[in-house]
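Please open the model in a viewer and keep the sequence panel at hand. The stops below are given in the order in which they may be selected.

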Amino acid sequence: MHPSRPPEILLAHGSGGRLTHELVRSLFVRLLDNPALSPLEDAACLAVGASRIAFTTDSFVVSPVFFPGGDLGKLAVCGTVNDLAVMGARPIALSAGFLLEEGLSIERLERLVLSMRGVCDEVGVAIVTGDTKVVERGGLDQVFVNTAGVGLLDGPLPEGAGAVRPGDRILVSGPIADHGMAVLSARNDLRFDTPIESDCAPLWPVIEHLLEGSRGIRWMRDPTRGGVATTLNELVAGRPFGIELVETEIPIRPSVAALAEILGIDPLYVACEGRVLIAVAAEHADAALVRLREHRLGLGSESIGEVLADPPGRLTLRTRGGGRRVLDLLSGEQLPRIC
């Protein structure tokens, strides 16, 4: 056993941060490695005859099951659609597996399934297969959902992380941290004059709009577990470039920023479920920003940083006070079970 590896699974193994990365690389990739898995993208890209597809899966365990702006069903479909969308893949079919706790009301389950149907109709995709298992009371918390999805790579595509280079700009499609803070406020019954709602949404419509009308799109990723800081750390890790974010340019709603400050939580590490981070060539960045803002899901888009040659492999933040600090991988678990 690796001397620094915990002997058992911790909550922090699900944070999307340092322990998640160590677990994935030291166990799953080591034992299951293959050319489709090893890039560790949001979806695997596969050749099927003359076509290319993207294939992904994810599990959803949010607590509470219903939260402002969404619920577990909506989250489960959006999460898988978004993992396909950031690869440039048009979603064509999903699966859904339900783990149900004895005693869950049929009315609550029906509400979740109706939410799933609503998102599928919005995107133009269908759930074509599924599975149901029931466990004894206390075996899990009400309901967990696993979704998998297949998408076609038949349109304009991002160039890939390997094409990112110094000078590129980093865009985000809207205010960050809404989802994680909405779940946290619902879990603790926190009430505010301006309610905090999750940004949970299917990204394919806005990404399709972006790719069809833009040039120089290098890389895209939805900042879910671990938030913006962890997702961009994944981009710079082992690369010959770094990224500097500009704190004053990062969109955060005042209510979200206030709650995060009260609780001592850094919003840069809080999950989004309806935002996309984009690395785009500098000469095409302004046009891409205009294109994003043309769509209702990209109205709050901003340019939040730049790819730099130095320091390589590092994500840094230029602070409001003019200083500079390193944003490392999340080392613990800020908010468990938010996605």
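Which residues have the most contacts inside the largest nonpolar core? Select Met181, Ile207, Leu232 and Leu245, which hold that place in a core of 87 residues. A nonpolar core is here a set of buried Ala, Val, Leu, Ile, Met, Phe, Trp, Tyr and Cys residues joined through side-chain atoms within 4.5 Å. Buried means under 20% relative accessible area, exposed over 50%, and partly exposed in between (1.4 Å probe, protein chains only). Helix 2 (residues 72-85) gives the most to this core, with 7 residues. A second, separate core of 6 residues includes Ala43, Leu84, Ala89 and Leu153.

This is a predicted model, in which local features need pLDDT of at least 70 and side-chain atom pairs count only at pLDDT 80 or more, while totals for chains, interfaces and linings use all residues. Residues are numbered from 1 along each chain as its sequence is written, and side-chain values use heavy atoms, with hydrogens and water left out. Helices (H or I, at least four residues) and strands (E, at least two) are DSSP runs numbered from the N terminus.

Next, centre the view on Leu232. Apart from neighbours within four places in sequence, Leu232 is in contact with Ile170, Trp219, Ile243, Leu245, Leu277 and Leu315; contact means heavy atoms within 4.5 Å.

Now select helix 7, residues 254-263. Ser255, Val256, Leu259 and Ala260 are its buried residues. They lie on the same side of helix 7, because they cover an arc of only 130° around the axis, the arc being that of the directions from the helix axis to the C-beta atoms. Helix 4 (178-187) is included in what covers these buried residues. On the face turned away from the buried side, helix 7 carries the exposed residues Pro254, Glu261 and Ile262. Gly264 follows helix 7 and has a positive phi, near 70°.

Turn to the charged pairs. How many salt bridges does a search of the whole structure find? The search finds 20, a salt bridge being a side-chain nitrogen of Lys or Arg within 4 Å of a carboxyl oxygen of Asp or Glu.

- Select Arg169 and Asp286, a salt bridge whose closest N and O atoms are 3.1 Å apart. Arg169 lies in strand 8 (residues 169-172) and Asp286 in helix 8 (residues 282-293), so the pair ties together parts that are 117 residues apart in sequence.
- Select Arg117 and Asp121, which form a salt bridge with the closest N and O atoms 3.1 Å apart. Both residues belong to helix 3 (residues 106-123) and are 4 residues apart, about one turn of the helix. Arg117 is exposed, at a relative accessible area of 54%.
- Select Arg291 and Glu294, where the closest N and O atoms of the salt bridge are 3.6 Å apart. Glu294 is partly exposed, at 48% relative accessibility.

Finally, go to Glu102, in the loop between strand 5 (90-101) and helix 3. Glu102 is partly exposed, with 41% relative accessibility. Leaving aside neighbours within four places in sequence, Glu102 is in contact with Val134, Val135, Glu136 and Arg137. Between Glu102 and Ala126, 24 residues apart in sequence, the C-alpha to C-alpha distance is 27 Å.
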